[in-house]
Amino acid sequence: MQAGRWSRGAAIAIGLSLGWATSAVSLTPSQQQQLKSLGIPVVVPGKVPAGFQVKKISVDPCPPNAPREGQGVCRFGPDYEILYHNSKGNCFTMVGVGGGVGGVDQAYGYEVDVPLFRDRVMLWFGDLNTNSRYRVPTAQQLQQPQASLRSDWVGKGPFYGVSYVQKDPQCRRGITPNQAEQILRSLQFLR
């Protein structure tokens, strides 16, 4: 088991050095300022797969006069979403939310290390699965883009996650679970 983990970690380290681009550089100074204006720690991928760019960001501040708690969160916010895409129509989002999070188990899942938070989260994909235990994905599934990919939330409020969202008409496919895992491993605070 330990050898398998080392091999997977080595493969991820190689993936980060080959065919991956630095993410924070793709945010314009204006986009960085918008994200920082929310008054919460902002988490972004340190690396994204080659060819992916920020398509748009959305920010939703706390409502006016809303009381803020410890890390700057309020009852309904603040929230942000960064949509990344490539020329082939693959997309994923990096999301930060102040609260009101939940989750539903899906057919396939496995644990992923998130070094920034010194935590492990589940990475999910497949159909919703409320009646039975999730299944461990095959190696082939980990290399195929998944339409319903999402991570569990990480953090203690604000909460952060990576997912595939089909809100944009140019987003035709998600990313692979292997890519999502590498993104989660690269998360960093926006400085």
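Two strands count as paired if DSSP finds at least two bridges between them. Strands (E, at least two residues) and helices (H or I, at least four) are DSSP runs, numbered from the N terminus.

**Entry 1: ground rules.** I am working on a predicted model, in which local features need pLDDT of at least 70, side-chain atom pairs count only at pLDDT 80 or more, and totals for chains, interfaces and linings use all residues. Residues are numbered from 1 along each chain as its sequence is written, and side-chain values use heavy atoms, with hydrogens and water left out.

**Entry 2: strand S6.** I looked up the partners of S6. S6 pairs with S10 in the antiparallel sense over five bridges, and in that pair Val-97 stands opposite Phe-159. S6 also runs antiparallel to S5, joined by six bridges; there Gly-96 faces Tyr-80.

Next I checked burial (buried is under 20% relative accessible area, exposed over 50%, partly exposed in between, with a 1.4 Å probe and protein chains only). In S6, seven of its seven residues are buried. Cys-91, Thr-93, Val-95 and Val-97 lie on one side, with Phe-92, Met-94 and Gly-96 on the other. I noted that in a regular strand the side chains alternate between the two faces of the sheet.

**Entry 3: strand S5.** S5 covers residues 79-85, and five of its seven residues are buried, so the strand is largely enclosed by the rest of the structure. I found seven bridges between S5 and S4 (residues 53-60), again antiparallel, with Gln-53 opposite His-85. The hairpin of S5 and S6 has five residues between the strands, and Gly-89 takes a positive phi near 90°.

**Entry 4: the core.** I then looked at the nonpolar cores (sets of buried Ala, Val, Leu, Ile, Met, Phe, Trp, Tyr and Cys residues joined through side-chain atoms within 4.5 Å). The largest has 37 residues, and Tyr-80 and Ile-82 have the most contacts inside it. Elements that each supply at least two residues include S5, S6, S10 and helix H4 (177-185). S7 gives the largest share, five residues.

Which residues does Ile-82 touch, leaving aside its neighbours within four places in sequence? With contact meaning heavy atoms within 4.5 Å, I listed Leu-27, Leu-35, Val-44, Val-54, Lys-56, Ile-57, Phe-92, Thr-93 and Met-94.
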